[in-house]
Amino acid sequence: MPGDDLSWRRTDCRVCHEETLYPFLDLGTIPPANGFVDTPEADEPAYPLEVVVCETCNHVQLHDTVDGESLFREYHYFSSASSPLIAHFGSYASTIESQYLDDDDFVVEIGCNDGILLNQFGPSIRKLGVDPAENVAETARERGLETITEFFGPDVADRIREDYGQANAICANNVVGHIDDLHGLMTGVDTLLSSDGVFVVEVPYLLDLISNHQFDTIYHEHISYFSIRAFRRLVEQFDMQLSDVNRMAVHGGTIRVHIQRESVDRSPSRTVEDLTSLELAMGFDRPETYDEFATGAERTRTRITTLLNRLNDDETTIVGYGAPAKGNILLNYCDIGPDTLDYIVDTTPAKQGTYSPGMNIPVREPAVFRAEPPDYALLLAWNYRDAILDKEVTFRDNGGRFIIPIPYVDIV
Ligand code: TYD
Ligand code: ZN
């Protein structure tokens, strides 16, 4: 049902509100990347996936917004299914706790998923999760985390402030990019954050996306692709500033951004200015930079489809490895379906037994992969490349090969 009223096109920038959006990459009209379906015949909604850059503030974002109700109320992504992420959030919790928090302080997490971060804070910290996905929030509750099942915004922030008081830290991981109304988010943060509190955000970093050709991380859920420059522009409108930024390898390249009120006297780290300069040196203020990125995506598509067509004969079996959302963008954009990949293997129980959105490739459990190993496995979860290559040493020792699609098409 392309073009139904569950999606709408922006005319103005989500950060600066200027009507200066420049389209540079069209990934087609495709179903939501986490929309796994129960039957291959399902009537799947599909929406335009086009990327624009604002010529005023250079914020990279989707042209269209898909209604959050349809994307996030029932969610198949459970953070704790990926063991490397549990470790990532464990060290995240202890860092934030030792750097910013005292006993009895209050932490709110926006988009708490199954509680992977909050549950790793110490027992003396008060915690509250907010997440709109009923099924995921239920899992968080079962794990003992108090959770509000709502989209975060100014009203929810008012309510939390009334019921619990202001927060000493607000965390938001892999969720700020999902929010259409960034000014609503910041208004809520402004209400909820204590005067010397910290707002800590983790988002995929635009610089890694561009440098490593990660076009498959672009999907309807990810509305914004942040640079440091765009982040600064956003928070300055709310009298806040970036006090620190950490770059991390998780999710193929992430920034952890620390935001405080301008009145707080913790002096900003040099990394904020250094990354701002690096972004300018990389041409993030020029449309041609984004045009080149789009050309790179087309080149990757040609290479992958040429390779798979060459391998795909009657004797050779090829499967997908990992069913991340990004894998579904790659498969749809490259038009790779069940004729090419027999199945996709994934560790997430909720995805097993379903069919991938759009291309409708069956998703199977790891036991199937072990029982009948294929000749080739297309590594759709390329962000876990090292962990997966280590884990599948038996498959590789027996002659199985991984096809790596990103950053460069390669066989190992
Ligand atoms: P991830 O890259 O975390 O997310 P996104 O959906 O945002 O692109 O998804 C990784 C997927 O890969 C997830 O469905 C779990 C799966 N996976 C495996 O099947 N095996 C593994 O060893 C690992 C690490 C992940
Ligand atoms: Zn803008």
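Guide: Start with F226. Its relative accessibility is 1%, so F226 counts as buried (buried is under 20% relative accessible area, exposed over 50%, partly exposed in between, with a 1.4 Å probe and protein chains only). This is a predicted model: local features need pLDDT of at least 70, side-chain atom pairs count only at pLDDT 80 or more, and totals for chains, interfaces and linings use all residues. Residues are numbered from 1 along each chain as its sequence is written, and side-chain values use heavy atoms, with hydrogens and water left out.

Visitor: How many aromatic pairs turn up in the whole structure?

Guide: Ten. Rings of Phe, Tyr and Trp (its six-membered ring) pair if their centres lie within 6.5 Å; planes under 30 degrees apart count as stacked, over 60 as edge-to-face and the rest as tilted. F226 and F231 have ring centres 4.4 Å apart and planes at 35°, so that pair is tilted.

Visitor: And F231, buried or exposed?

Guide: Buried, with a relative accessible area of 1%. Another pair is Y321 with F369: centres 5.3 Å apart, planes at 85°, so edge-to-face. Y321 is in strand β14 and F369 in helix α11, 48 residues apart. Helices (H or I, at least four residues) and strands (E, at least two) are DSSP runs, numbered from the N terminus.

Visitor: Switching topic. What is the strand order in the four-stranded open sheet?

Guide: β2-β3-β4-β11, with antiparallel pairing. Two strands pair if DSSP finds at least two bridges between them. β2 and β11 are the edge strands, each pairing on one side only.

Visitor: What packs on that sheet?

Guide: Helix α9, residues 287-311, which touches β2, β3 and β4. Contact means heavy atoms within 4.5 Å.

Visitor: Back to β11. Which residue stands opposite S224?

Guide: Q61. Y225 also lies in β11. At 4% relative accessibility, Y225 counts as buried.

Visitor: What is Y225 in contact with, leaving aside neighbours within four places in sequence?

Guide: Its partners include H59, V60, Q61 and L62, plus L206 and L209. A polar atom of the Y225 side chain also lies 2.5 Å from the backbone oxygen of H222.

Technical notes:
Chains are lettered from A and ligands numbered from 1 in the order in which they are written. Axes are lines fitted to C-alpha atoms, for helices over the stretch in contact, and angles run from 0 to 180 degrees between N-to-C directions. A polar contact is a pair of N or O atoms within 3.5 Å; within protein, one must be able to donate a hydrogen and the other to accept it, and residues adjacent in sequence count only if both atoms are side-chain atoms.
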